[in-house]
Amino acid sequence: MTFSLTLYTYLSPSKVCDGVGVFSLVPIPADTLIFRPKNAQKIPWLKVPEDVRVAMKNLTYYDEEGFWIDCDLDRIGPQYYINHSLSPNVSYNKDNGCLYATRDIEPHEELLDYYYPNEREWLT
């Protein structure tokens, strides 16, 4: 097994919203694997307090049974700060949990993904 030690990103104030965004530290060629899940697991809703459920729905992929997360809840990884765009430059592969560059990304460019309408509850 080989591991990439390349650091591709950093967090900074977003250019598309009032929150935090993920930015490229170096040039990232198209089709580069940027984030890979470590130990993804599904957490049942019954184990999560009601007031935490809204936040988890805004930060993770979920269904009626629970949500998937690949980190500790008190150590959310930078991939959770990727914001929405109608012109994304990254894409999340739901089959393997990986995030890829969909085109060449320049240094200091914000990484943006397309959120499908059912994933945009935070806009309301």
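Predicted model: local features only at pLDDT ≥ 70, side-chain atom pairs only at ≥ 80, totals over all residues.
Q: Which residues make up the largest nonpolar core?
A: That core has 11 residues: Y8, V22, I28, I34, F35, I82, V90, L99, A101, I105 and L111. A nonpolar core here is a set of buried Ala, Val, Leu, Ile, Met, Phe, Trp, Tyr and Cys residues joined through side-chain atoms within 4.5 Å. Buried means under 20% relative accessible area, exposed over 50%, partly exposed in between (1.4 Å probe, protein chains only).

Q: Which elements give two or more residues to this core?
A: β3 (33–35) and β8 (98–101) do. Strands (E, at least two residues) and helices (H or I, at least four) are DSSP runs, numbered from the N terminus.

Q: What is V90 in contact with?
A: Leaving aside neighbours within four places in sequence, V90 contacts I34, I82, L99, Y100, A101, T102, I105, L111, L112 and D113. Contact means heavy atoms within 4.5 Å.

Q: How is β7 joined to β8?
A: Four bridges join β7 (residues 90–93) to β8, and the two run antiparallel. Strands pair if DSSP finds at least two bridges between them. S91 has Y100 as its bridge partner in β8.

Q: And which residue takes a positive phi in that hairpin?
A: G97, near 75°. The hairpin has four residues between the strands.

Q: Switching topic. How many salt bridges does the structure hold?
A: Two. A salt bridge is a side-chain nitrogen of Lys or Arg within 4 Å of a carboxyl oxygen of Asp or Glu. R53 meets E50 at 3.1 Å, N to O. R103 meets E109 at 2.4 Å, N to O.

Q: Where do R53 and E50 sit in helix α1?
A: They are three residues apart in α1 (residues 50–59), so about one helical turn separates them. R53 is partly exposed, at 21% relative accessible area. E50 is exposed, at 58%.

Q: Back to β3. What does L33 touch?
A: Y8, C98, L99 and Y100, not counting residues up to four places away in sequence. L33 lies in strand β3 and is partly exposed, at 26% relative accessibility.

How values were computed. Residues numbered from 1 in each chain as written. Heavy atoms only, no water.
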